[in-house]
Amino acid sequence: MESKRVATLTLDDGRTIELPIFSGTLGPDVIDIRALGKLGVFTYDPAFFSTSSCTSEITFIDGDAGLLYYRGYPIEQLAEKSDFLEVCYLLLNGELPTAEQRAQFNQSITHHTMVHDQLARFFNGFRRDAHPMAVMVGVVGALSAFYHDSLDITDAHHRTVSAQRLLAKVPTIAAMTHKYSVGEPFMYPKNKLGFVENLMYMMFATPADDYVPNPVLVRALERILILHADHEQNASTSTVRLAGSSGANPFACIASGIAALWGPAHGGANEAALKMLEEIGDVSRVAEYVQGVKDKKYKLMGFGHRVYKNMDPRASVMRQTCYEVLKEQKLENDGLFELAMVLEKTALSDPYFIERKLYPNVDFYSGIVLRALGIPSNMFTVIFAVARTIGWVSQWNEMISDSEYKIGRPRQLYRGAVRRDFVPVAKR
Ligand code: SDX
């Protein structure tokens with residue numbers, strides 16, 4: 001990248017350095033600080049509040065305006081008009097597919113949904129009450145033990161094969177994780193079903209009954225997967241990029257993303273938000289609970305975001321999906337949905353939240369929808385991981401495709417002991 005614009009940094013000892021300023025197609029400019037090392041100083045930004053780690057063309061977020069674009073297309077339009085596999089093609093390849101490209105991509109993904117039969121043996125090593133995310137980290141990481149034929153990350157074809165295997169097999173493993181936790185037999189994928197239908201079939205069908213997914217619920221889950229597919233350089237995606245920068249195989253990198261997503265501050269928030277609503281229990285306790293948040297006893301799960309300082313556009317679509325699913329399931333009087341809306345209204349009118357620009361994020365309503373779809377709360381973050389796999393893989397592929405990429409290796413502000421000599425134990 002070339003730039004005629006510079007930022008001049010002057011240190012307190014009078015030394016100065018000119019640092020290039022770059023502009024993207026959208027969003028804030030960046031100051032290229034790579035030359036700072038010449039001055040023997042580092043920048044300091046522990047949680048990366050003001051640090052961009054890469055250039056990317058995949059997803060754009062405007063946190064102040066509450067905008068989210070996948071390859072330039074607004075999330076609201078994709079959630080309404082597209083389907084999950086088409087969004088996967090878009091994120092991975094940069095353009096919406098033609099009818100022929102779409103058919104070929106869907107065919108390829110469909111025919112990669114089965115997993116090596118020996119993979120099922122990994123599950124037996126887990127207790128039945130293991131958290132499904134613990135199982136997902138282990139079993140997805142184990143995929144690299146099966147697919148040695150596509151691990152040359154410098155080969156674009158190998159990257160495509162690995163990407164399609166991950167996109168196709170993570171839902172199968174997710175469904176197996178659920179089946180294992182409820183003690184039911186694994187259901188093999190059915191190639192005649194669509195991607196989301198297949199996921200619901202593998203999760204909810206049993207050999208004893210014919211299971212036909214409800215099309216309204218399939219559409220709702222499709223929309224949920226679209227909303228969660230990518231979100232630029234969030235914690236789990238940054239984890240995948242850092243793991244990938246060492247040249248680790250894509251299966252291991254995605255397993256590292258699953259591990260990072262699990263945290264309650266990140267993808268684990270949907271499970272935590274539902275637990276919070278169940279703990280509040282009734283609208284009469286909302287005021288008391290909000291006071292506890294303001295007294296900093298706990299956070300309001302599903303609220304706040306590092307980037308969005310306005311409504312998360314995904315939360316608005318999720319709220320509408322919530323309403324549609326509850327109506328279809330004849331749960332219109334679902335107390336938790338009413339409680340969530342009262343909680344949202346209370347928080348959005350309270351100066352504590354307004355001053356801190358705390359709005360509902362994607363996780364605030366997703367737990368209610370997933371619960372209404374019959375998905376147990378310990379599987380909520382697993383569903384998030386199923387959706388985000390395409391985002392992780394697309395971001396990983398974008399990084400590895402750039403021949404200029406290097407291993408990520410942050411520095412530190414050292415505040416430990418200065419040099420000292422070893423003291424024998426007799427003298428300590
Ligand atoms: C996701 O990054 C992504 O894009 C993530 C994600 C994706 O798609 O990948 O969007 C998915 O992870 C969504 C976020 C899900 N997490 C939660 O809902 C958990 C609850 N939210 C918080 O933990 C928090 O809002 C974070 C972690 C999401 C963001 O925290 P930041 O950016 O580090 O902000 P902060 O902790 O510095 O908060 C600033 C102030 C603080 O108060 P003061 O010290 O200024 O008095 O806001 C307060 C915080 O205490 N605050 C909250 C709050 N979130 C922030 N107070 C109460 N409840 C909250 N939820």
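## A hairpin of two strands

Strand 4 and strand 5 form a hairpin in which four residues lie between the two strands. In the turn, glycine 66 has a positive phi of about 70 degrees. Strands (E, at least two residues) and helices (H or I, at least four) are DSSP runs, numbered from the N terminus.

Strand 4 (residues 59-62) and strand 5 (residues 67-70) run antiparallel and are joined by four bridges; two strands pair if DSSP finds at least two bridges between them. Phenylalanine 60 has tyrosine 69 as its bridge partner in strand 5.

## Basis of the model

This is a predicted model, in which local features need pLDDT of at least 70 and side-chain atom pairs count only at pLDDT 80 or more, while totals for chains, interfaces and linings use all residues. Residues are numbered from 1 along each chain as its sequence is written, and side-chain values use heavy atoms, with hydrogens and water left out.

Three strands form an open sheet in the order 1-2-3, with antiparallel pairing. Strand 1 (6-10) and strand 3 (30-31) are the edge strands, each pairing on one side only.

Strand 1 runs antiparallel to strand 2 (residues 16-22), and five bridges join them. Threonine 10 has threonine 16 as its bridge partner in strand 2.

## Two crossing helices

The axes of helix 16 (residues 362-372) and helix 17 (residues 380-401) come within 10 Å and cross at roughly 105 degrees. Axes are lines fitted to C-alpha atoms, for helices over the stretch in contact, and angles run from 0 to 180 degrees between N-to-C directions. Helix 16 and helix 17 are therefore roughly perpendicular to each other, a term for angles of 65 to 115 degrees.

Helix 16 contributes Asp363, Gly367, Leu370 and Arg371 to the contact, and helix 17 contributes Phe380, Ile383 and Phe384; contact means heavy atoms within 4.5 Å.

## Tryptophan 392

Tryptophan 392 is located in helix 17. This residue counts as buried because its relative accessibility is 0%; buried means under 20% relative accessible area (1.4 Å probe, protein chains only).

Apart from neighbours within four places in sequence, tryptophan 392 is in contact with Ser236, Thr237, Val240, Ile254, Gly257, Ile258, Leu261 and Ala385. The side chains of tryptophan 392 and serine 236 make a polar contact at 3.1 Å. A polar contact is a pair of N or O atoms within 3.5 Å; within protein, one must be able to donate a hydrogen and the other to accept it, and residues adjacent in sequence count only if both atoms are side-chain atoms.

Key. Parallel < 35°, antiparallel > 145°, perpendicular 65-115°, else oblique. Buried < 20%, exposed > 50% of the residue type's maximum accessible area, 1.4 Å probe, protein only.
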